[in-house]
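Subject: Structure for you to look at

Hello,

Here is the structure I promised. Please open it first, then read my notes below.

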Amino acid sequence: MLKVIGHIAFIILFLFISFFGIGPVIFADGTMNERIMNLLIIILAYGILIWLYRIFIRKMRKK
């Protein structure tokens, strides 16, 4: 059960990052530098979330 809840939580986090992160990068009225900085932060957030998800999967396999 914990495995299913964990997967659902990560899916929701990925969707939040996609919706609230990519949307402002595409539709922002700011300068190109502002868009690039936002994009780099979003890529970093995706990287951290993927890293945490891989740790979660490894721990679930051991149980």
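Are Phe10 and Phe56 buried or exposed? Both are buried (under 20% relative accessible area; exposed is over 50%, partly exposed in between; 1.4 Å probe, protein chains only).

A word on the source. This is a predicted model, where local features need pLDDT of at least 70, side-chain atom pairs count only at pLDDT 80 or more, and totals for chains, interfaces and linings use all residues. Residues are numbered from 1 along each chain as its sequence is written, and side-chain values use heavy atoms, with hydrogens and water left out.

Now the fold. The protein chain has two helices and zero strands (DSSP runs: H or I of at least four residues for helices, E of at least two for strands, numbered from the N terminus). Its radius of gyration is 15 Å, well over the 11 Å that the globule rule gives for 63 residues, so the chain is more spread out than a compact globule. The radius is taken over C-alpha atoms, and the rule is 2.2 Å times the number of residues to the power 0.38. Of the 63 residues, 17% count as buried.

Next, the rings. The structure holds seven aromatic pairs (Phe, Tyr or Trp rings, the six-membered one for Trp, with centres within 6.5 Å; planes under 30 degrees apart are stacked, over 60 edge-to-face, the rest tilted). Phe10 and Phe56 form a tilted pair, 5.5 Å centre to centre with 45° between the planes. This pair links helix 1 (residues 2–27), which holds Phe10, to helix 2 (residues 32–62), which holds Phe56. The two are 46 residues apart. Ring pairs join Phe10, Phe14, Tyr46, Tyr53 and Phe56 into a cluster.

Best wishes
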